[in-house]
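User: Could you take a close look at one part of this model for me, the place where its helices pack against each other? I would like the cut-offs behind each term as you go.

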Amino acid sequence: MDNVYKYLLQANLAGKGHTPHKLCHTTGATLAKDGADLLAIQNMLGHSSLVTTQIYTHLDNSDVARAVRKSSLAKLGIKKESSEP
């Protein structure tokens with residue numbers, strides 16, 4: 001986080017409610033909303049648990065559905081089967 005603080009100082013943002021922790025997790029949340037791989041975000045943030053990454057990135061079901069639609073798997077045309085008889 002020391003490197004992040006250095007950039008906050010350069011941008012004149014340090015001490016104005018911005019912290020390395022907030023900056024890192026805002027970046028992670030933005031990447032997740034844009035469909036980035038959660039495992040990559042987990043690695044970037046240094047989380048040992050993917051659940052922690054999901055909590056910090058504030059993903060909801062619509063975000064997950066959007067990421068699936070953007071994925072290469074969506075191009076396969078697989079339809080969800082109905083669970084109703």
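**Helix packing around α3**

Analyst: Happy to walk through it. The axes of α2 and helix α3 (residues 38-45) approach to within 10 Å and cross at roughly 170°. That angle makes α2 roughly antiparallel to α3. Here axes are lines fitted to C-alpha atoms, for helices over the stretch in contact, with angles running from 0 to 180 degrees between N-to-C directions. Angles under 35 degrees count as roughly parallel, over 145 as roughly antiparallel, 65 to 115 as roughly perpendicular, and the rest as oblique. On the α2 side, Cys 24, His 25, Thr 27, Gly 28, Leu 31 and Ala 32 take part, meeting Leu 38, Ile 41, Met 44 and Leu 45 of α3; contact means heavy atoms within 4.5 Å. Sorted by class, this contact of α2 with α3 has seven nonpolar, three polar and no charged residues. In that sorting, Ala, Val, Leu, Ile, Met, Phe, Trp, Tyr, Cys and Pro count as nonpolar, Asp, Glu, Lys and Arg as charged, and the others, Gly among them, as polar.

A word on the ground rules: this is a predicted model, where local features need pLDDT of at least 70 and side-chain atom pairs count only at pLDDT 80 or more, while totals for chains, interfaces and linings use all residues. Residues are numbered from 1 along each chain as its sequence is written, and side-chain values use heavy atoms, with hydrogens and water left out.

For the setting, the protein has five helices and zero strands, and its elements run α-α-α-α-α from the N terminus on. Helices (H or I, at least four residues) and strands (E, at least two) are DSSP runs, numbered from the N terminus.

Leaving aside neighbours within four places in sequence, Met 44 is in contact with Cys 24, Thr 27, Gly 28 and Leu 31. The C-alpha atoms of Met 44 and His 25, 19 residues apart along the chain, are separated by 9.9 Å. Met 44 counts as partly exposed because its relative accessibility is 44%; buried means under 20% relative accessible area, exposed over 50%, and partly exposed in between (1.4 Å probe, protein chains only).

Now turn to the other partner of α3. The axes of α3 and α4 come within 9 Å and cross at roughly 90°, so α3 and α4 are roughly perpendicular to each other. Leu 38, Leu 39, Ile 41 and Gln 42 of α3 make this contact with Leu 50, Thr 53, Gln 54 and Thr 57 of α4. Its classes come to four nonpolar, four polar and no charged residues.

Gln 42, in helix α3, is buried, with a relative accessible area of 13%. The side chain of Gln 42 reaches the backbone oxygen of Ser 48 at 3.4 Å. That is a polar contact, a pair of N or O atoms within 3.5 Å; within protein, one must be able to donate a hydrogen and the other to accept it, and residues adjacent in sequence count only if both atoms are side-chain atoms. Beyond neighbours within four places in sequence, Gln 42 is in contact with His 47, Ser 48, Ser 49, Leu 50 and Thr 53.

On the α4 side, Thr 53 counts as buried, at 0% relative accessibility. Not counting residues up to four places away in sequence, Thr 53 touches Leu 38, Ile 41, Gln 42 and His 47. The C-alpha atoms of Thr 53 and Ala 29, 24 residues apart along the chain, are 8.9 Å from each other.

Thr 57, also placed in helix α4, is buried at 0% relative accessibility too. A polar atom of the Thr 57 side chain lies 3.3 Å from the backbone oxygen of Gln 54. With residues up to four places away in sequence set aside, Thr 57 touches Gly 28, Ala 29, Ala 32, Leu 38 and Ile 41.

The two ends of α4 are worth a look as well. At the start of helix α4 (residues 50-57), a side-chain oxygen of Ser 49 reaches to within 3.1 Å of the backbone nitrogen of Val 51. After α4 comes His 58, whose phi is positive, near 55°. For context, most residues other than glycine have a negative phi.
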